[in-house]
Structure formats: structure tokens, C-alpha cells
Amino acid sequence: MTDTSPLIQMSGVEKQFANGTVAVRDMSLSIQKGEFVSFLGPSGCGKSTALKMVSGLLSVSRGKISVNGHAAGEGGDRNDIGFVFQEATLMPWATVFENVYLPLKLHGMSKAGARPRVEEALAMVGLAKFAKAYPRELSGGMKMRVSIARAMATKPKLLLMDEPFAALDEMTRAKLNDDVLALWEEHKLTVIFVTHSVFESVYLSNRVVVMAARPGRVVHDIPLPGGYPRTAAYRLTAEYAEACRLVSNALEGTLDHAHLNH
Amino acid sequence: MPTSITEPGLPAAAAPTEIDPRILRENRERRMRILLPIGAITLALALWEFLVWFYQVPHYLIPAPSLIAKTLVQDWASLAQSAAFTVKLTLLSLGLAIIGGVALGMIFALSKPVEMALFPFAVILQVTPVIAIAPLILIYVSNTFVALLICAWIVAFFPILSNTVIGLRSADHNLRDMFRLYQATPWQRLRYLLIPSALPYFMAALKIAGGLALIGAVVAEFVAGTAGQNTGLASRILESSFRNEIPRMFAALFLVSLLGVVIFLITSWLSRLVLGHWHESEIKREH
Ligand SMILES: Nc1ncnc2c1ncn2[C@@H]1O[C@H](COP(=O)(O)OP(=O)(O)O)[C@@H](O)[C@H]1O
Ligand SMILES: [Mg+2]
């Protein structure tokens with residue numbers, strides 16, 4: 001495969017659940033290696049569904065998704081994908097170390113063999129000292145960091161994040177946004193980041209895919225290449241304000257539409 | 001911006017002063033947990049003793065605790081043998097209930113059709129009072145011990161089965177997805193996800209089943225009567241009742257209760273051992 005072919009190719013993807021709900025309709029998108037793409041939209045517009053289809057956790061009803069040259073969820077090396085859910089989704093009975101070790105354990109790596117990898121992943125998110133703690137001893141932000149460390153433990157090329165910071169307070173969220181940007185830049189990741197926050201999507205991504213509900217579909221695809229490496233200062237620039245206004249308007253259009261459909 | 005290291009809620013951050021007041025409070029609480037029930041029971045026994053003495057209640061109506069204790073010592077040989085029989089019956093039925101309940105629970109959790117087909121039988125076994133089935137079982141099964149074992153097993157089995165099924169199904173959906181994403185084998189999923197998720201449910205069932213196994217063992221023996229070679233504590237109670245030996249009845253009753261309490265303490269301790277470090281039900285909260 002050449003470097004110019006997209007990492008993810010979605011063509012005419014549709015998802016209809018058994019109860020008849022069309023969660024995603026006719027979604028076509030190609031995502032290049034190294035992109036930071038946000039899926040932005042009101043709740044119920046199929047963002048999670050789209051993300052799960054890319055990861056192979058959900059099947060597609062129609063159309064095709066290929067990831068790294070394979071059909072989503074098939075073939076290839078699943079080490080290539082890391083997934084971060086909205087909740088930290090940690091095993092409460094296991095220590096932070098054991099939680100981050102999980103993906104490696106499932107792939108048959110011994111604990112001793114995995115230790116450097118796990119410790120490295122924990123260091124990435126600033127939790128090196130908390131390897132022995134249990135999830136219940138951690139704050140919401142720290143739990144989310146563990147979840148990110150777990151996703152990073154397999155050194156994935158593609159990181160899928162489903163509203164990972166929606167439940168966190170503003171300050172923790174800003175800090176974690178910066179951390180994710182740093183990981184993305186340092187590890188040359190491709191990230192799909194699901195959010196319903198305009199500001200978050202604009203701050204993080206170099207491309208915002210705006211989705212609308214009923215049925216879930218893509219209505220805008222807005223490139224936002226500027227300003228990298230972005231830091232807190234970027235939030236004060238005119239470029240950021242302009243991008244927020246642009247994306248906000250695009251999103252508002254989808255809400256009006258949803259309203260009329262009622 | 002606070003770094004993660006300085007966020008609150010650290011597990012090992014308490015500075016070592018001379019004597020940590022937290023430890024003092026914890027010690028006091030632990031002492032109270034033991035002393036308080038012992039004190040209350042002692043007080044109740046003293047009151048009992050006093051009332052029996054004060055009103056001169058004849059011992060064939062209500063014996064004083066001291067007389068019960070004396071009887072316990074005097075009849076220790078026969079009572080201890082009966083207690084051993086009941087212990088054996090209870091533990092064996094509990095063990096078989098755990099094996100059967102967990103095995104069937106796993107099959108149910110794996111296969112919905114099997115569960116739908118077999119669950120009614122389990123329910124019928126559960127809702128039919130064991131005292132009503134016991135005579136039949138005693139007729140069909142010639143070995144009395146085995147018959148008693150079956151009765152006690154029926155009673156203890158159901159909570160283990162139903163909680164194991166619920167527990168194995170209770171695993172977090174996102175965690176299930178996580179295991180699928182990393183292509184866990186069915187065995188890995190069972191070992192690392194389903195079983196730990198089911199443990200709190202299983203431990204709750206174990207606490208209930210332990211008590212139920214004892215109840216089943218005693219009830220079944222009552223139905224079986226004193227005849228034959230079976231000599232559990234229930235038989236001692238029946239026998240004493242026929243002979244109007246009320247103090248001995250109380251002594252046997254005391255042993256049954258003691259057995260129940262010991263089973264409760266052991267299962268509670270096991271539960272704390274297994275879940276104490278992570279599950280909400282067993283975590284001590286600070287106030
Ligand atoms: N497993 C499912 N079965 C049936 N309908 C579902 C299921 N999952 C999601 N949906 C429906 O699909 C639509 C899109 O859901 P989702 O992808 O979760 O939206 P979002 O993540 O954007 O909030 C919603 O209407 C939701 O109710
Ligand atoms: Mg969602």
C-alpha cells in the first residue's frame with residue numbers, strides 16, 4: 001500500500017438496527033493517515049455507530065468500510081486500533097497496571113514482557129505513580145487517562161475516541177485535550193474524535209465532520225488545517241474564533257433541520 | 001494547571017505522624033464491632049438467667065442458660081456426634097450446590113435456549129417447599145444420608161444458580177466491546193471479564209446458600225424422623241421433645257444456631273476477602 005491511499009475509506013455506509021432505526025445513512029468519507037478528524041453532531045445522529053463500524057464492533061448494513069486496506073474489523077492487526085469510550089470503562093477489580101496491561105494480556109504477552117510497554121503508556125498520561133491504585137481511588141480525569149493509556153498500550157496507528165471527555169469538568173477537559181494533541185503529534189496517530197462540543201472539535205482537529213440526525217448522515221466536512229502545534233494560546237486567536245463560528249453555524253443548520261422533522 | 005500527581009484522592013499520600021488518628025478510629029471501630037454484639041448477647045443471657053431464677057420458672061418449660069450449658073457438657077458425646085453429622089450434611093450439600101449451580105449457571109449464561117428450556121425446572125424445585133418433597137425423596141432414595149443431602153441441596157442450589165446467571169450476564173457492555181476489539185478468546189472473556197463481573201453476585205448467593213443449606217439439612221432430618229442410623233442435631237431435638245428433655249432440646253438448638261452463625265461468619269469473611277479491595281458492597285467508606 002502506498003502512503004497516499006487513505007487509511008480509512010467509507011463508501012455509502014448505512015447502518016440499520018434490527019428495530020428499524022437507521023442510525024447512519026449513506027456515509028462516505030476518506031480519512032488520510034495522520035489526520036485528526038472530529039465527528040460533531042447532536043446526540044442520536046449516529047456518531048457512536050459510525051465509530052463502532054470503523055472499529056469493527058458493529059457490522060455495516062450497506063456499503064463498505066476499509067481500514068488500512070482491510071474490511072473494518074477483519075484481517076490486519078487489531079493492535080492497530082485503540083478505542084476510548086465515553087466512560088473510562090475500567091475493570092474495577094483490577095489495578096491501573098492490570099487495566100492497561102489488558103490488551104497486551106489478551107494478545108498473549110506475559111506480564112513481565114509487557115511491563116515496559118505498560119509503564120511507558122502510563123508515563124505518557126502522567127500516571128506512572130499510580131500503577132498499583134484501583135480505579136475507584138482515582139478521579140474522573142485520572143480514570144480517563146488510564147483508559148487512554150490502555151488504548152495506547154498496543155501502540156495503535158488509529159485512535160478512536162467516543163466523547164471521551166464529555167463527563168469531565170472544563171479544566172480537566174482542557175488539560176486532556178492538550179494531552180491528546182501531544183500524543184497525536186508525537187506518535188503520528190490518526191484520530192477520530194467524537195464530540196458534541198464545537199469548541200473541543202475546533203481546538204483539536206484539522207477536520208470537522210458535522211453530522212445530522214434522523215437519519216444520521218454527514219452534512220458538512222470542514223477542513224481546519226491551521227494553528228498547529230496548538231496550545232492554550234490558540235484558543236485566543238482570531239482563526240480559532242472564526243473556525244468556531246463556521247462550525248457552529250454548520251451545526252446549527254443540522255439542529256434546525258432536526259427540529260423541522262419533529 | 002494542577003498536574004495529575006497533585007490531584008486529590010491519592011492512595012498512599014497520608015503523611016506519617018506519630019499515631020495516625022485514622023488508624024486509632026479504625027481500631028476502635030473494630031473493637032466495637034466485636035465487643036458490642038458480645039456485650040449485648042451476654043446481657044440478654046444474664047437477663048434470661050435472672051428472670052428464670054426470679055420467677056422460679058420450672059426447667060421443663062424454660063431452662064436457664066446455665067442449665068443449658070451444663071446439659072451441653074453432660075451430653076457432649078452424643079451432641080457433638082450429631083453436630084458433626086449436621087455439619088457434614090450442610091457442607092456437602094453446599095459444596096454440591098455450588099458445583100451444580102455454577103456449572104448450570106455457566107451453561108445458562110452461554111445459551112439462552114437451554115436456559116429457557118431448563119429454568120422452569122429450577123424454579124419448580126425452588127418454589128416447592130422442601131418439607132413437602134422430602135417424604136417422597138425419603139421413599140425413593142433408600143440411603144437416608146443421600147436423601148437428606150438431596151433435600152438440602154435443592155434448597156441451597158437455586159440462589160447460586162440464579163445469581164451466577166445474572167452475574168455472568170452483568171459484565172459492562174463497553175468492557176465486552178473492549179474484549180471483542182482485542183479479539184479475546186471465549187476462554188479469556190470468561191476468565192478475565194465474565195467471572196470477575198459475576199463474583200459479587202456469586203458471593204451474595206453464597207451467603208444466602210450457606211444458611212439455606214443448614215435449614216435444608218435440619219428440615220429434611222425432621223421429616224426423616226429419628227428412625228434409622230441418621231443422627232443429626234434435628235434428630236436430637238425431636239428425640240428430646242419426645243422425652244420431654246427441654247434443656248437438651250435447647251442445647252441442640254444452641255448448636256444449630258451456632259453452626260448457622262459460623263457459616264455466616266465464614267461466608268462473610270470469604271466475601272470480604274474476595275471483594276474487599278474493589279467492590280462497593282465490601283469497601284469501608286470513610287466519613
Ligand atoms: N443497538 C442499537 N439498537 C437500536 N438502535 C440503536 C442502537 N444503538 C444506537 N441506536 C440508535 O441509533 C441512533 C444513533 O445512535 P448513536 O450512534 O449512539 O448516536 P450518537 O453517538 O451520535 O449520540 C439513535 O437514534 C439511537 O437510538
Ligand atoms: Mg454516542
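In this predicted model, helix H1(A) supplies three residues to the shell around ligand 1, the largest share. The residues around the ligand are Phe17(A), Asn19(A), Thr21(A), Ala23(A), Ser43(A), Gly44(A), Cys45(A), Gly46(A), Lys47(A), Ser48(A) and Thr49(A). By class, three of the shell residues are nonpolar, seven are polar and one is charged.

| Residue | Protein atom | Distance to an oxygen atom of ligand 1 |
|---|---|---|
| Gly44(A) | polar backbone atom | 2.7 Å |
| Lys47(A) | backbone N or O atom | 2.9 Å |
| Ser48(A) | polar side-chain atom | 2.6 Å |

On its own, ligand 1 has 560 Å² of accessible area, and the protein covers 62% of this.

The sheet of chain A is open and has six strands, in the order E6-E7-E8-E3-E9-E10, with mixed pairing. Strand E6 (81-84) and strand E10 (217-223) of chain A are the edge strands; each has a single partner strand, so one side of each has no neighbour in the sheet. From one strand to the next, the twist averages 15°.

Within the sheet, strand E3 (residues 36-40) and strand E8 (residues 190-195) of chain A are paired in the parallel sense, with five bridges. Phe39(A) has Val194(A) in E8(A) as its bridge partner.

Helix H1 (residues 47-55) of chain A packs on this sheet and touches E3, E6, strand E7 (158-162), E8 and strand E9 (207-212) of chain A. The direction of H1(A) makes about 155° with that of E7(A).

Conventions: Residues numbered from 1 in each chain as written. Chains lettered and ligands numbered in written order. Predicted model: local features only at pLDDT ≥ 70, side-chain atom pairs only at ≥ 80, totals over all residues. Heavy atoms only, no water. Pairing = 2+ DSSP bridges. Helix = DSSP H or I, 4+ residues; strand = E, 2+ residues; numbered from the N terminus. Axes fitted to C-alpha atoms, helices over the stretch in contact; angles between N-to-C directions. Contact = heavy atoms within 4.5 Å. Near = heavy atom within 4 Å. Polar contact = N/O pair within 3.5 Å; in protein donor to acceptor, adjacent residues only side chain to side chain. Areas by Shrake-Rupley, 256 points an atom, 1.4 Å probe, with all protein chains shown as cover. Nonpolar A, V, L, I, M, F, W, Y, C, P; charged D, E, K, R; others polar.
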